[in-house]
Amino acid sequence: MSTVNGGISFWYAQEGAPAPREPLPGDATADVCIVGGGYTGLWTAYYLKKAVPFLNITVLEAKFCGYGASGRNGGWLYNGIAGRDRYAELHGHEAAVRLQQAMNATVTEVLDVCETEKIDADQHRGGVLEVALSPAQLARLKAFHAAELAFGETDREFHGARETADRIRVAGAVGSSWTPHGARLHPVKLVKGLADAVEALGVTIHESTPVTEIKPKHAITPYGTVRAPYVLRCTEGFTASLAGQRRTWLPMNSSMIATEPLTDAQWESIGWDGRETLGDMAHAYMYAQRTADGRIALGGRGVPYRFGSKTDNDGRTQPQTIDALREILVRFFPQLAGVRIDHAWSGVLGVPRDWCATVTLDRSTGLGWAGGYVGSGVATANLAARTLRDLIQQDSGQSGPTDLTALPWVNHKVRKWEPEPLRWLGVQTMYAAFRGADRREATAHSAETDRVAVLANRLSGR
Ligand SMILES: Cc1cc2nc3c(=O)[nH]c(=O)nc-3n(C[C@H](O)[C@H](O)[C@H](O)COP(=O)(O)OP(=O)(O)OC[C@H]3O[C@@H](n4cnc5c(N)ncnc54)[C@H](O)[C@@H]3O)c2cc1C
């Protein structure tokens, strides 16, 4: 059997395409109109409807709920949030600690709602294990570990090479950092379950309904306009396709492969009994999970960005990206050299110019948005949604400020990306620098981070 490339994602190959919902039939009104049916839009609908059951909420989705990153991701539900360190610089350490604590609690919140709503998403709370494979990666891992402790993660553990191998036998791993604030899940089972739960609460979802433009109190589609006091943009990596948003968030690609189910003997040789999500400290990092049906799903950057902020075609990735991900798999687990790759796919995530996730409600226009999560939106989207709920309740006079509305990522402003061809050149150069740095660090005996990578990080604002 050859590798399936695209078809949205492996997760959909397993689950099947969802039953389509009706498009918007014509002009309509709502109290809140949400554009985008991924985790951000659906969680926002969920929490708003739970808080104020009589609210008339409409979700407009261009394709079907979970078509985007929410139906394609690596299934790391974890406490990382893009921009925390920058928020510490801007708002002080304590504010960033509060943000981190909110993220830690978010992992538990998502798992709790799954239980309440009976969403079986293969969730397994095994934590997150990040491994180092070279002296330079080890030095960065130690610095990362110390930083996480400083942001209040006192339950994080550092492991040497032997303890790391007791958890997962990654070839050449010299150390690891483990946090309990993470769980493995099946992304599509989560997004499907969430869409069903939201609909059962009485939220209207229209699919196959692309919004072409968002204006204050208006979401405009080819089939009609939804008028609402609050219009929320939850389109993450696809944001550039909306009128006026071309340079707001850069659609960065991430690609994945899923192996065939491994044999008991193969699992015996690897370990990984704790089902931790697994990552490394490379500049162009990898991420992986042990799936509920005994495969390895592994992702990485591949070709990072398409000229003109274009997105992929239903998840197809480049053949050279499949080869590169297979190489990582075999470098980590040499005994899997002959293993079949059943599926490969890609998706886009939203990257703001300063690489900081944000959640915003503009009280003068009623326009709101959340995203720019870079590679960590599975949990962050839930925190963003609860924050949007609180911001709307505050704005409409139903409640005052809350702990969530006081978090430092709320209403953060960032400049736009450069026009083309600078945007394309910048991203290609940055990732070429990262790949070169990773290659040099893999063979060097130095604990120093490669200087080219340091420079690339500084220039890109990462
Ligand atoms: C391959 C990959 C792996 C990842 N792995 C992880 C991971 O393991 N852990 C993690 O934390 N994060 C991961 N991420 C990121 C994470 O998946 C995203 O941050 C998260 O799913 C974002 O959710 P969202 O709802 O904001 O965006 P999306 O899921 O992208 O949803 C946006 C929705 O808006 C719709 N839409 C777009 N334009 C319009 C329009 N004009 N009108 C109407 N609807 C529109 C789209 O069809 C889509 O359904 C990964 C991302 C990718 C691509």
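Hi everyone, let me start with a pair of strands: β4, residues 57–60, pairs with β10 in the parallel sense over 3 bridges. Strands here are DSSP runs of E with at least two residues, helices are runs of H or I with at least four, and both are numbered from the N terminus. Two strands count as paired if DSSP finds at least two bridges between them. Within this pair, Thr-58 stands opposite Thr-204 of β10.

Before going on, a word on what we are looking at. This is a predicted model, in which local features need pLDDT of at least 70 and side-chain atom pairs count only at pLDDT 80 or more, while totals for chains, interfaces and linings use all residues. Residues are numbered from 1 along each chain as its sequence is written.

Now back to the sheet. Which order do its strands take? The order is β10-β4-β3-β14-β21-β20, an open sheet of 6 strands with mixed pairing. At the edges stand β10 (204–206) and β20 (358–362); each has a single partner strand, so one side of each is left without a neighbour in the sheet. On average, neighbouring strands are turned by 15° against each other, direction ignored. Helix α2, residues 39–51, packs on this sheet and touches β3 (32–35), β4, β14 (230–233) and β21 (367–371). The direction of α2 makes about 175° with that of β4. For these angles, axes are lines fitted to C-alpha atoms, for helices over the stretch in contact, and the angles run from 0 to 180 degrees between N-to-C directions.

Next, the inside. The largest nonpolar core has 135 residues, and those with the most contacts inside it are Val-32, Cys-33, Val-35, Leu-42 and Leu-194. Domain 1 (1–124 + 186–250 + 350–417) and domain 2 (420–462) both give residues to this core, so it lies between them. A nonpolar core here means buried Ala, Val, Leu, Ile, Met, Phe, Trp, Tyr and Cys residues joined through C-beta atoms within 7 Å. Buried means that 20 or more other C-beta atoms lie within 10 Å of the residue's own, exposed means 12 or fewer, and partly exposed is in between, with C-beta atoms placed from the backbone. The domain bounds come from an automatic or database domain assignment, and the C-alpha centres of the two domains lie 31 Å apart.

What does Val-35 touch, leaving out residues up to four places away in sequence? Its partners include Leu-60, Val-211, Ile-214 and Val-231. Contact means C-beta atoms, placed from the backbone, within 7 Å.

A few backbone details to look up on your screens. The peptide bond from Glu-420 to Pro-421 is cis, with omega near 5°, and Pro-421 sits in the loop between α10 (380–395) and α11 (422–443). Asn-411 is also placed in the loop between α10 and α11. Asn-411 is not a glycine, yet its phi is positive, near 60°. Asp-314 has a positive phi too, near 50°, and belongs to the loop between β18 (296–300) and α9 (319–332). Is Asp-314 buried or partly exposed? With 14 C-beta neighbours inside 10 Å, Asp-314 counts as partly exposed.

To finish, the whole protein. There are 12 helices and 21 strands, and 53% of the 462 residues count as buried. The C-alpha trace spans about 60 × 50 × 45 Å along its principal axes. Thanks, everyone!

Methods
Contact = placed C-beta atoms within 7 Å.
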